[in-house]
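Thanks for coming. I will go through a few places in this structure, one after another.

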Amino acid sequence: MGGPEPRSGQQPVAEQDAFTRWVYGRPFFGGLWLTLGGAWILLTMKASVKVVLHVGMQGVAGYLLPTLMVLLGLLVLFSPDQRLFYSITGVLISLGTWVTSNMGGFMVGLLLGVAGSVLTFGWLPDQDARVSRRERRGPARPATQDGPAADTGHNGTDIPTAQAVTAAGTPRAAQ
C-alpha cells in the first residue's frame, strides 16, 4: 500500500519533456513525411544542374517541386497554424512530381508526400483523449416495470415513449 501507484499509459503534460510537448502540439508526422517525401525525390534525381538548365523548365520543375515539398514540410513543423494551406499545397505539389521528377521519386516520395499532407490536413489541435462508447454510456441501469401507463394513446401506446421514438428518428408504425 505504501509503494508507488502504477501509471496509466499517458503521462500528464507537466511530466512530459519539452520535445514531447512540442511534437504533440503540431502535426509532427505529417510534416515529417512531407519533408522526407521531398528529400527522397531530390535524392533520386541524377541530372546535374548544368543539364537541368540546358533542358529548360521541365528540368527546373524536377528540382523545384521536391524543394517546395521539403519547404512545406518544414513550414508544417514550425508554423502549424497555417497547416491547412500547407497540406493542400503539399498534396498538389506531391501529385505534380509524378510528371516532373522520375514518377515522383519512383512513387515512394509521391506517396510519402501525399500521406504526410493528408495527416497534416486531418490533424486537430487540443483534442481530448478518445472515450470508448461504454464509458460514454455510463453504468447500465436496470429496466423498471410499473404496470400499465396512466397516459396512453388511443392504440395503447405510451405517448411519451412514442414521442421519444419519433424524436430519435425511428419511424412510427402505420396506424
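R137 is found in helix α8, residues 133-137. Helices here are DSSP runs of H or I with at least four residues, numbered from the N terminus. R137 is exposed, with a relative accessible area of 66%; exposed means over 50%, buried under 20%, and partly exposed in between, with a 1.4 Å probe and protein chains only.

This is a predicted model, in which local features need pLDDT of at least 70 and side-chain atom pairs count only at pLDDT 80 or more, while totals for chains, interfaces and linings use all residues. Residues are numbered from 1 along each chain as its sequence is written, and side-chain values use heavy atoms, leaving out hydrogens and water.

Next, R26. Its place is the loop between α1 (18-24) and α2 (28-44). Leaving aside residues up to four places away in sequence, R26 touches L77, F78, P80 and W123, where contact means heavy atoms within 4.5 Å.

Last, the backbone. F106, in helix α6 (residues 102-106), has a positive phi of about 55° although it is not a glycine. M107 also has a positive phi, near 70°. M107 lies in the loop between α6 and α7 (108-122) and is partly exposed, at 33% relative accessible area. Most residues other than glycine have a negative phi.

Conventions:
Helices (H or I, at least four residues) and strands (E, at least two) are DSSP runs, numbered from the N terminus.
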